[in-house]
Amino acid sequence: MKDRFMHSNIKLDTERLREQDHHWVHPWEDFKTLAKTKRTVIARSEGIYLYDSDGKRMIDGPAGMWCVNLGHGRQDMAQAIAEQAITMPYYSPWSLSNVPASELAEKLAELAPGDLKHVFFTTGGSTAVDSALRFTMYLNNCLGRREKKHIISRQDAYHGSTYLSASVSGKQRDKTNLDFERGFIHILPSPNPYRRPDGMTVEEFCDEKVADLENKILELGPDKVAAFIAEPILASGGVIVPPKGYHRRCLEVCRKYDVLYISDEVVTAFGRLGHWFASEDVFDVVPDMITTAKGITSGYLPLGALFISDRLVKMLGSDAAEKGMFANGYTYSGHPVCTAAALKTIEIIENENLLEHVRGIGPYFQARLRELEDIPIVGEVRGEGLMACVECVGNRETKEPMTLEYEIGSRIDKHCQAMGLLIRPLYHMFVVSPPFVITRAQIDDLVGIMRKGIEKTLDDLVREGLWKG
Ligand SMILES: Cc1ncc(COP(=O)(O)O)c(C=O)c1O
């Protein structure tokens, strides 16, 4: 078979690549270790596998960053991208339109739930969230409600890395060294049922979390609260699945007080839970806005999209609304090559019945992963569809954090990498969200390596006197 990797026979110099890498300031960089970190260099990829610069093969556990849903190395994706780049790579989206972006907008309007029929294209998830929040401000200003500006979010949420999207994020550890907007942003406690108080049922916990939202709206005054923003599943907060009925009841609270509900589906849309969107199909919610990115192009190119409901658009078209442009947009809004990649992604998901595949294989993935709960340091394995988190604890009864809380995920990752699996460490947790094309046999491999990785980490802790058992 002809080798499709032109460079695969060329021996790469990993040490040299690492020297070069030291000029690259990576996301969440620690500048104290900037030139010392020895990152694995990924050189090529195919299907669910990655190959590092030494040729070592690893399963791509997180599908990049919850995004390479179709798997790596798809010729059809590459072809669609190349064809659009040759036909017309770019033109301004301000006063002109282009073929793939308008085709995609119509297709997305068809796939989106309820009346979410309007799409604003962005460059990724952060800019989609930023645009949703700025649109909320614009809407209320145009409607003469200039006081209605407060935004409510939740602890453990992640919404992005622009100033506004980072401000509505609720991951406390990310908030130590940067500045954030605090005047009109409010963070509610996490809806994580695993961390509910002792003796409280999940139902009682759900009541409490819904009441948190309602009480915050009442405390601020409904005429001052503009929007509630929520990921259906709090992804990088540790794949937190809120209690059953929580989303629906939060939506009802929002409706009661005329507060917009923004569903951040940057991770959960485009099939990760076996549906185009999780909001309605999984959680029974038709929000006012949905933000997406990542899986929309299967990670082949950067693109985000903000969905806006017809109801909101009509409000702005009414006589009650002041005239004025939504002065928000990007050079690459509706980028022809990126939108062509999104159209191809949707076509492949449809033609290969990948939503059905995820719905079929998701329960197997979840069941196999839950077997890891018999390892003494594993507190909980949770998730839905093809996204999951393993949370490690020092004591399973008390759920108290373990010694070395910050590095336990990285230690497990190191062992897993050595055995051919990449996971995504998050302090004392790690997450996995493999490409949709994963098979049952490959899930068995993934779980087998993961078990060994966690057990080896436990052995290390025992050896170092850090785990008494
Ligand atoms: C739920 C959620 N929203 C927003 C973002 C930000 O997306 P991006 O990194 O594409 O800007 C992310 C990224 O992980 C995310 O998980």
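Select residues 125–142 first. This is helix α5, with 18 residues. From first C-alpha to last, α5 reaches 25 Å, close to the 26 Å expected at 1.5 Å a residue. The model is predicted, so keep the confidence colouring at hand.

Stay on α5 and show its side chains. Its buried residues are G125, S126, T127, A128, V129, D130, S131, A132, L133, F135, T136 and L139. Then step just past the end of the helix. G144 takes a positive phi there, of about 75 degrees.

**Next: M315**

Leaving aside neighbours within four places in sequence, M315 is in contact with L139, L143 and A321. L139 also belongs to the buried set of α5. M315 itself lies in helix α10, residues 310–317.

Is M315 buried, exposed or partly exposed? It counts as partly exposed, because it has 14 C-beta neighbours inside 10 Å. Now draw a distance from M315 to K107. These two are 208 residues apart along the chain. Their C-alpha atoms are separated by 24 Å.

**Next: helix α7**

Select residues 202–220. Helix α7 has 19 residues, which should span 27 Å at 1.5 Å a residue. The end C-alpha atoms are 27 Å apart, so the model agrees with that expectation.

Which residues of α7 are buried? They are C206, K209, V210, L213 and I217. They cover an arc of only 90 degrees around the axis, which means that they sit on the same side of α7. An α-helix has 3.6 residues a turn, so residues three or four places apart point the same way.

Turn to the other side of α7. A211, L218 and E219 are exposed there. Finish at G221, which follows α7 and has a positive phi, near 100 degrees.

**Next: the two domains**

Colour the chain by domain. Domain 1 takes 14–73 + 353–463, and domain 2 takes 77–351. Their centres, taken over C-alpha atoms, are separated by 26 Å. The contact draws 27 residues from domain 1 and 22 residues from domain 2.

Look at the side of domain 1 that touches domain 2. The elements that give two or more residues to that side are α2 (63–66), α12 (354–370), β11 (378–384), β12 (387–392) and β15 (429–432). Which of them gives the most? Select α12: it gives the most, with five residues. By type, the residues on this side of domain 1 divide into 16 nonpolar, six polar and five charged.

**Last stop: the whole chain**

Zoom out. The protein chain has 14 helices and 15 strands. Its radius of gyration is 23 Å, close to the 23 Å that the globule rule gives for 469 residues, so the chain is as compact as a globular protein of that length. Along the principal axes, the C-alpha trace spans about 70 × 60 × 45 Å.

Two totals close the tour. Of the 469 residues, 45% count as buried. Among contacts with a separation of 6 or more, 72% are between residues 24 or more positions apart.

Conventions:
Residues are numbered from 1 along each chain as its sequence is written. This is a predicted model: local features need pLDDT of at least 70, side-chain atom pairs count only at pLDDT 80 or more; totals for chains, interfaces and linings use all residues. Helices (H or I, at least four residues) and strands (E, at least two) are DSSP runs, numbered from the N terminus. A residue is buried if 20 or more other C-beta atoms lie within 10 Å of its own, exposed if 12 or fewer, and partly exposed in between; C-beta atoms are placed from the backbone. Two residues are in contact if their C-beta atoms, placed from the backbone, lie within 7 Å. The expected span of a helix is 1.5 Å times one less than its number of residues. The arc is that of the directions from the helix axis to the C-beta atoms. Domain bounds come from an automatic or database domain assignment. Ala, Val, Leu, Ile, Met, Phe, Trp, Tyr, Cys and Pro count as nonpolar, Asp, Glu, Lys and Arg as charged, and the others, Gly among them, as polar. The radius of gyration is taken over C-alpha atoms; the globule rule is 2.2 Å times the number of residues to the power 0.38.
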